[in-house]
Amino acid sequence: MLHEFFRWLQEDFGATEMAESWSQQFRGSLNLWGITEGTHVLTLMIFAGTIWLIDLRMLGLAFKGTPFSKLNEKVLPFTVFAFAVMIITGVILFLAKPMDYYHNVWFRAKMIFLLIAAANIFWFHRRVQKTEHEWDNSPNPPAMVKLSGAVSLTSWVIIIVFGRFIAYNWYDCGKPLPGFVNWFAECASYPGGIITAADQESDPLIYGAAGPALFSEPVQLAGGASGATSSTADHMTADTQNEGGR
Amino acid sequence: MDFYNLACDRSQGAPCAMDAWVAGLQDVFPASLLKDTLWGFAAVQAVHLLALGLLGGCVILLNLRLVGVTLSNDPPSWLERNLRPWLVTGVVAVLVTGVIIGMLNPEKLYTSPAFFVKMVSLVAALIFSFGVTNAIARSEGQITNPIRIAAGVAFLFWLWSIGIFGGTTGTNPGTFHLVTAGYLILFLMGRRLTTMIAGATIAILTLVYLIGGYFVIGGPYADYDAFMGLTKICISLGAVVLVGLLGFEIFTGRAGDTTPVVKLIGLFSILSWVTVAASGRWIGLS
């Protein structure tokens, strides 16, 4: 159901006989996509650095001599502002390829860790922060505080890494993929449906030559059978193919 | 301008020794270990991004303190002491991963004006962070002549970098991020009148860009050159107003406990690192 909505958003919404859909126009725009994506990435300089410093304080690793409440009060507003910018630019970027991102393994994993990070924030405010007066000045906060700080720090690291990996087409639907990936990305409803290693064996001309390197190298559909390209060159292709559709 | 054209005079068609060196970088340790792996390049890129986040937070907090807008009741030396290990971690990680990314992708960077901008602004940013702002913060805002000279040199490198950034077709839209960062700092430090003028400027330029952009590109005649021209005009006008307003705030605004010169240094230090990051992103986008 969501697939159909995102497909419509990507391919049909705003499209006329004369013009592509709004989503495709945005993706193909001269500067708009680049500026939005650049803003999304550069805002990490405000967001990640500030939230990690607060997490590190909770872990007893940074600003040991400073009360947590003071750091939280002075630094968190930057984090919150940057978070808002990242959410807004993130949603706009999603609209460039909603159906493809919906079926992207890394995008889905990123959303799961965003939920984990959000749950941690909720738990921290509702429970952990209630006892703040007890450990506010402590250079070595109790285990509960450390746990919350560690969960936050780890989830944001993972979210950033997975966000970067969205640009790579290793596990895109439409390629021969392991069963778990096909299931996790709901490739069944993606154009072309589920493609497995068995398809690749029976039809190597279409899906690339089978072999031990089956899932360790990006396989190009239709005509990508020349396995001679170095993997570094493939990284570059992955980059340009996925970043802005140019 | 790019390293490809700096390395040799290309007009004669003579072979250039630098070309072979660049082409061979992939086979040098540690790039040689990663070049045939699926994950190597992506993993290093991801760490580069994480390090950018860490160093960004440290640079922004310390320099906003020098500008006088956050944690202004606390001594700069306290902030510098607490941020130092994380800033150093971030910068070392960004440099190590950056070198590996460059070795795995050398020919693209060799001919990229955005990469040239990144290297020039990196020189400025490193001088600011490890030769200027750290020393100023440690001495609670005191500034000596050697530090003044270092700041001047760093400022010139930064000016050179943004000159190429804004003057090269293809990379110039990336200066949008620089202007945005400048306005954010202005909103943090500005008095009411300044922020109102800044807000109005942004609103007008956005409208001009969207409406003008529709006429030159959305209408029946898609004129890409005119669109790039419009982009350049809007960003330049935004930058001119920004420079005026920042200057007005720094020299006539709240005095705080730092001098206008220290505020300028804090401002240019943040903008240098933003230039490094923005031009880095536009290597892939231009």
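Helices here are DSSP runs of at least four residues, numbered from the N terminus. By that rule, A:Trp8 sits in helix H1 of chain A. The model is predicted.

**Extent of the interface**
- Chain B puts 48 residues in contact with 48 residues of chain A.
- Together the two chains bury about 4300 Å². Carbon and sulfur atoms account for 75% of that area.
- B:Leu38, B:Leu50 and B:Arg281 supply 15% of what chain B buries against chain A.

**Polar and charged links**
- The count of salt bridges between chain B and chain A is 2.
- One pairs A:Lys70 with B:Asp74, with the closest N and O atoms 2.4 Å apart.
- Polar contacts across the interface join 8 residue pairs, counting residues at pLDDT 80 or more.

**Make-up of the chain B side**
- Five elements of chain B each supply at least two residues to the side touching chain A: helices H4 (40-67), H5 (76-104), H9 (175-189), H11 (224-252) and H12 (260-285).
- H4(B) gives the largest share, 15 residues.
- By class, this side of chain B holds 33 nonpolar, 11 polar and 4 charged residues.

**Nonpolar patch on chain A**
- A:Leu2, A:Phe5, A:Trp8, A:Phe13 and A:Trp22 form a nonpolar patch on the surface.
- Their accessible area together is about 520 Å².
- Helix H1 (residues 2-11) of chain A gives the most to the patch, with 3 residues.

Definitions and conventions:
Residues numbered from 1 in each chain as written. Chains lettered and ligands numbered in written order. Predicted model: local features only at pLDDT ≥ 70, side-chain atom pairs only at ≥ 80, totals over all residues. Heavy atoms only, no water. Contact = heavy atoms within 4.5 Å. Buried area = accessible area lost by both parts, 1.4 Å probe. Salt bridge = Lys/Arg side-chain N within 4 Å of Asp/Glu carboxyl O. Polar contact = N/O pair within 3.5 Å; in protein donor to acceptor, adjacent residues only side chain to side chain. Nonpolar A, V, L, I, M, F, W, Y, C, P; charged D, E, K, R; others polar. Patch = residues over 30% accessible without salt bridge, like charges linked within 9 Å, V, L, I, M, F, W, Y side chains within 5 Å. Areas by Shrake-Rupley, 256 points an atom, 1.4 Å probe, with all protein chains shown as cover.
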